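Below are my entries, in the order in which I looked things up.

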Amino acid sequence: MRRLGSTRPTGRTRSRATGVAAGAAALVALAALTAVPAQAHEPERRVPHWQLTDTGTPDVRFRGLAAVSRNTAWAAGTGGTVLRTTDGGTTWRNVSPPGAGEVQFRDVEAFDARRAVVLAIGEGEASRVYRTDDGGATWTETFRNTDPKAFYDCMAFFDHRHGLAMSDPVDGRFRILSTGDGGRTWTVLPSAGMLAAQEGEAGFAASGQCLVTSGPKDVWLATGGAARARVLHSADRGRTWTAADTPLPAGDPARGVFALAFRDRTHGLAVGGDFRPDRPSPRAAARTGDGGRTWRPAATPPAAYRSGVAWLPHSRTAALAVGPTGTDLTTDGGRTWRTVDPGSYDTVDCTPDHGCWAAGEQGRVARLEQ
């Protein structure tokens, strides 16, 4: 959504249920977030909370985040900045690509501690993709957009090889970029299977979560800025698409679906609203149980605009949503949300080993401590 300029919040999900025992353990720990305070005679509870880390980058806003494990994570942001930690955030290494100081990274996808792909957003040649195979010691620019009408917002991978990136509509249709070799080379997919965009419709690169995947072929794309806030779905890695309206705020360039999270190919969450701080965001969350064909509004949505969302590891019902005014928790699959932290974050990501990370303005990167 190019008219929002350099400050425009316009762009995953990896969480999957992998075991009843693990899921139960995770929910027991998360229950502390909504439990009543301990009485004086009761032992002190350890309540999960965001623990800020010292990134040493107070002037950077991190909208790109890739959590690999509880110990390893990547963050990407303004000023062409890319950071990596392998010790749980105790130390961060600046591994920014040389010569990228003028670009804005809004998405990063990491396969492990050494291999990652980052997306820079913007009109024309400002939209670029870089890849590293050595932990950021060296980078290769693997894509540079040459179409002045394209504006890439976010990126997602199905596995270590197959991934997609999406651009705001070009000639009336969202543009999809595809890779089959882990981001080393990219190809624009044919537009024949893409639906016509609404007037003013675009993506929001706010958190790297306007394009998300689940399984080997399913991918969802979140939109806003038009009369209806929609979620587009493809079951064939981006070649053909269907669309569904959502109940999230619409009808304005600043409103729509900003982030998606799917814990499997049927159960998903959508968050968003109106990103302007002086505007309310009612109906800022919705859920689906049929792969995105229909969306139901949250009975108790987050109190304000939210730009990032992630399912808690191994849970079928618990998820976190983040935004500039706080973090919200749901423990009933997105039906109701409750604010549990007032800190400002733009994006959130969780890992199978019960690691959750959040990132945002003023160099803020935090890990969920229990």
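**Ground rules.** I count a disulfide when two cysteine sulfur atoms lie within 2.5 Å. This is a predicted model, so I note that local features need pLDDT of at least 70 and side-chain atom pairs count only at pLDDT 80 or more, while totals for chains, interfaces and linings use all residues. Residues are numbered from 1 along each chain as its sequence is written, and side-chain values use heavy atoms, with hydrogens and water left out.

**Disulfides.** How many disulfides does the rule give? I get 2 disulfides. As a reminder to myself, a disulfide is a covalent bond between the sulfur atoms of two cysteines.

I looked up cysteine 154 and cysteine 210, and they form a disulfide with the sulfur atoms 1.8 Å apart. The link of cysteine 154 and cysteine 210 is left-handed, at -95° about the S-S bond. Cysteine 154 sits in strand S10 (residues 151-157) and cysteine 210 in the loop between strand S13 (187-188) and strand S14 (211-214), so the pair ties together parts that are 56 residues apart in sequence. For the names, strands (E, at least two residues) and helices (H or I, at least four) are DSSP runs, numbered from the N terminus.

Are cysteine 154 and cysteine 210 buried or exposed? Both cysteine 154 and cysteine 210 are buried. My cut-offs are under 20% relative accessible area for buried, over 50% for exposed, and partly exposed in between (1.4 Å probe, protein chains only).

Next I checked cysteine 350, which a disulfide joins to cysteine 356, S to S 2.1 Å. The link of cysteine 350 and cysteine 356 is right-handed, with 110° about the S-S bond. Cysteine 350 and cysteine 356 are buried too. Counting bonded cysteines along the chain, I write the pattern down as 1-2, 3-4.

**Sheet with S2 to S5.** I found an open sheet of 4 strands, ordered S2-S3-S4-S5, with antiparallel pairing. Strand S2 (62-67) and strand S5 (93-94) are the edge strands, and each pairs on one side only. Two strands pair if DSSP finds at least two bridges between them. Strand S4 (residues 81-85) and S5 pair in the antiparallel sense over 2 bridges. Which residue of S5 is the bridge partner of leucine 83? I traced leucine 83 to asparagine 94.

**Sheet with S22 to S25.** Here I have an open sheet again, with 4 strands in the order S22-S23-S24-S25 and antiparallel pairing. Strand S22 (308-311) and strand S25 (338-341) stand at the edges with a single partner strand each, so one side of each has no neighbour in the sheet. Neighbouring strands of this sheet are turned by 30° against each other on average, direction ignored. The angles run from 0 to 180 degrees between N-to-C directions, and the axes are lines fitted to C-alpha atoms, for helices over the stretch in contact. I also noted that 3 bridges join strand S24 (residues 326-330) to S25, antiparallel. Threonine 327 has aspartate 341 as its bridge partner in S25.

**Positive phi.** Where is arginine 237? I found arginine 237 in the loop between strand S16 (230-234) and strand S17 (242-245). Arginine 237 has a positive phi of about 60° although it is not a glycine. I put arginine 237 down as partly exposed, because its relative accessibility is 26%.

Arginine 283 also went on my list, with phi near 55°, a positive value in a residue other than glycine. I located arginine 283 in the loop between strand S19 (268-274) and strand S20 (285-288). With a relative accessible area of 42%, arginine 283 is partly exposed.
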